[in-house]
Amino acid sequence: MVEAVTSLAYLGPEGTFTHAAALTWADGERAVPLGTVEEVYRAVGAGEVDRGVVAIESSVEGYVVPSLDALVAADDVVAVDEVALPIAFDAFTLPADAARQDVPLAEVSAHPHGLAQCRAFVTASGLRPVPATSNAAACRDLAPGRVALGPRLCGQLYGLATLATDVQDFAGARTRFLLVGRRSVAPTLPATSDVRRWRSMVAITPAVIGPGVLARITAAFGERGVNMSSLITRPLKAQEGTYVFVVTFDGAPWEPEVRGLLTQLLAAGDWLKTLGVVPVTDLADPELDLAGVPVGSVRTGGSDDALAAGLLW
């Protein structure tokens, strides 16, 4: 990871998982909470802060679309580092509600991703789910008769009573956070780091759409021996039927095989934009957990009936 920074913005308020991620790069005095992801990118791009921190991907809910779209749209901001943190939720009430057993609890509040990651608890509690702008905001603004879901840090910050601990559906859930800075920072990374492996994220906008466009792009990665780990399709705003492909892959733009790949895509007429280049710390390739394979999936060796049901052929 890169060294600690002098000033850093993150999606507030205090107590969010993003706040916890920010503390891995800067201490509390240096971390500045802002109201939206767009404000974080704007502050970095305008030079008001040195770096910013945003959540980009949950191992349960997938990509955080507002963060991804804001990164694609940002003019002078690029990801330069990342950290993955375990995500665990506690359920909180106001101390006064906890002291009085006869107080009826009617609602449970958290960020929509938080509610989704604690679906079993929400369902079992019988409480009405109420989305909040963030898990920390749900805890900070907790009202009588309501339960809030959030990081354990929130209970300490806002003086709440703990109703239950570890109420998330999946143990071991993690969220990936990006450290973003101005684009002028990225070219200095290889000269100031002893990192052996890099991971990049690039936005690819095809000049011509139609049959075979995505196949051509993915084939270029295979031809150059560049491992693609993720591909997300995002629509071009207000342009129906046109898309940006956001691709995450192993390697950095200054490495010969990646530079050759990007040159090949440019030669095809595609528009390219590097969104991030981050050091890789998870050197081992993850193993597939068969429990996570979608129910009803089939593979070679299954019965004819199972194949017919799974593939609808």
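Threonine 16 sits in the loop between strand 1 (8-11) and helix 1 (17-22). Helices (H or I, at least four residues) and strands (E, at least two) are DSSP runs, numbered from the N terminus. The model is predicted: local features need pLDDT of at least 70, side-chain atom pairs count only at pLDDT 80 or more, and totals for chains, interfaces and linings use all residues. Residues are numbered from 1 along each chain as its sequence is written, and side-chain values use heavy atoms, with hydrogens and water left out.

Threonine 16 is buried, because its relative accessible area is 5%. Buried means under 20% relative accessible area, exposed over 50%, and partly exposed in between (1.4 Å probe, protein chains only). The side chain of threonine 16 reaches the backbone nitrogen of histidine 19 at 2.9 Å. Leaving out residues up to four places away in sequence, threonine 16 touches Tyr10, Leu11, Ser134, Ala136 and Pro151. Contact here means heavy atoms within 4.5 Å.

Now the chain. Its secondary structure comes to 11 helices and 15 strands. Of its 313 residues, 45% are buried. Among contacts with a separation of 6 or more, 73% join residues 24 or more positions apart.

Next, the interior. In soluble globular proteins, nonpolar side chains tend to be buried together. A nonpolar core is a set of buried Ala, Val, Leu, Ile, Met, Phe, Trp, Tyr and Cys residues joined through side-chain atoms within 4.5 Å. The largest one has 32 residues; Leu8, Val53, Phe89, Leu149, Val167 and Phe177 touch the most other members. Elements that each supply at least two residues of this core include strand 1, helix 1, strand 3 (51-58) and strand 11 (174-182). Strand 5 gives the most, with 4 residues. Apart from this core lies another, of 24 residues, among them Val40, Tyr63, Met201 and Ala203. Phenylalanine 177 touches, among others, Phe17, Thr18, Ala21 and Trp25, not counting residues up to four places away in sequence.

Tryptophan 313 lies in the segment after helix 11 (304-311). Tryptophan 313 counts as exposed because its relative accessibility is 70%.

Methods. A polar contact is a pair of N or O atoms within 3.5 Å; within protein, one must be able to donate a hydrogen and the other to accept it, and residues adjacent in sequence count only if both atoms are side-chain atoms.
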